[in-house]
Amino acid sequence: MTLEYNIDFIRDKNKKTNIKKAISLLEKAFYTKKFVYSFFLDPMEQKIISNIAKNNDIDIKFVGGNEKAERKIFLVNFNHCLNEDYIRVLIIKDINLEHKDILGALISLGIDRENIGDIVIDKNCEFVVLEDDYPFIKYNLTKIANKSVKVEEKKINTLMDKRLEYKINKIFVSSLRIDNLVSSILNLSRKKAKDLIKKKKIKIDYMIVDDPSYQVEEESLISIRGYGRYIFDQIIGSSKKGNYHIIYKKVL
């Protein structure tokens, strides 16, 4: 009996490599019937792994600090294992930092991006890591963005909810091609929008898109490196010239 799956539809090479690594862990659990846990996966990767598990009757669950977490690890053949045995929520109190500051500091320590979960900023900074990396981070992460910091283990191993805020915009676009949407949303020339695409700086639903003619669907998340994240929410009408009247949200 073999694990059945097909990932030929994934064009993003880096994404396919990551999913293959996750599948190898799933296969280990499938063949040995032993407990296995993974590294952190983004929502698109979780969906693919979840579908493979479902199609092969594998009992799987995803944990990431709270139900709404974006990045999660999976547990297979978990029985009575506790979530907190495999991930750890860490906190830095009363300091003004940005998401990129914390992520950059962790990566500078040699922590792989796939071993880092969600990072949530409010009055305090909270972030999720694999349990195995916790001791190293606690004693070695002492400065971020030239500020001295103290990393502590959160007493209740639950990540605070991420409060997403949006700026809602309405525009007319001539087509739903990704180069056209990016050009309109960022107020760039079509050529500059295509350059961003060719340089692989744009992701649709967490997957790199390198085809300027790619047709974007409603409710898609568009991530543009250096510019932020946008949600193509919906088409609300059309003009007499046939242009689409759309709503998009900028994630603040």
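Predicted model: local features only at pLDDT ≥ 70, side-chain atom pairs only at ≥ 80, totals over all residues.
The protein holds 6 helices and 15 strands, and its C-alpha trace spans about 60 × 55 × 30 Å along the principal axes. Of the 252 residues, 46% are buried. Among the contacts with a separation of 6 or more, 59% are made by residues 24 or more positions apart.

An open sheet of 3 strands is arranged in the order β1-β3-β2, and its pairing is antiparallel. Strands β1 (36–37) and β2 (60–63) stand at the edges and have a single partner strand each, so that one side of each is left without a neighbour in the sheet. Strand β1 is joined by 2 bridges to strand β3 (residues 73–76), the two running antiparallel, and Y37 stands opposite L75 in β3. Two helices lie across strands of this sheet. Helix α1 (residues 13–32) lies across β1, β2 and β3 and runs at about 15° to β3, whereas helix α2 (residues 43–55) lies across β2 and β3 and runs at about 160° to β2.

Another open sheet comprises 6 strands in the order β10-β15-β14-β13-β11-β12, again with antiparallel pairing. Its edge strands are β10 (166–173) and β12 (207–208), each of which pairs on one side only. Within this sheet, strand β14 (residues 228–238) and strand β15 (residues 244–251) pair in the antiparallel sense over 7 bridges, and the bridge partner of F232 is Y248 in β15.

An α-helix has 3.6 residues a turn, so residues three or four places apart point the same way. Just after α3, G110 takes a positive phi of about 100°.

Aromatic side chains were examined next. A pair of aromatic rings is described by the distance of the centres and the angle of the planes. A search of the whole structure finds 6 aromatic pairs. One of them is formed by F30 and Y31, whose ring centres are 5.2 Å apart and whose planes stand at 70°, so the pair is edge-to-face. In this pair F30 is buried, with a relative accessible area of 8%, while Y31 is partly exposed, with a relative accessible area of 45%. The rings of F62 and F74 likewise form an edge-to-face pair, because their planes stand at 75°, with the centres 6.2 Å apart. This pair links distant parts of the chain, with F62 in strand β2 and F74 in strand β3, 12 residues apart. F74 has a relative accessibility of 0% and therefore counts as buried.

The charged end of K21 sits over the ring of F39, at 5.2 Å from its centre, and the charged end of K249 sits over the ring of Y166, at 5.1 Å from its centre.

Backbone geometry was considered last. Most residues other than glycine have a negative phi, and most peptide bonds are trans. Against this background, N77 has a phi near 55°, a positive value in a residue other than glycine. N77 is placed in the loop between β3 and β4 (87–92), where its relative accessible area of 24% makes it partly exposed. A positive phi, near 75°, is also found for E219, again a residue other than glycine. E219 lies in the loop between β12 and β13 (220–224) and is exposed, with a relative accessible area of 65%.

Conventions:
Residues numbered from 1 in each chain as written. Heavy atoms only, no water. Helix = DSSP H or I, 4+ residues; strand = E, 2+ residues; numbered from the N terminus. Pairing = 2+ DSSP bridges. Contact = heavy atoms within 4.5 Å. Axes fitted to C-alpha atoms, helices over the stretch in contact; angles between N-to-C directions. Phe/Tyr/Trp six-rings, centres within 6.5 Å; stacked < 30°, edge-to-face > 60°. Buried < 20%, exposed > 50% of the residue type's maximum accessible area, 1.4 Å probe, protein only. Lys NZ or Arg CZ within 6 Å of the ring centre and 35° of its normal.
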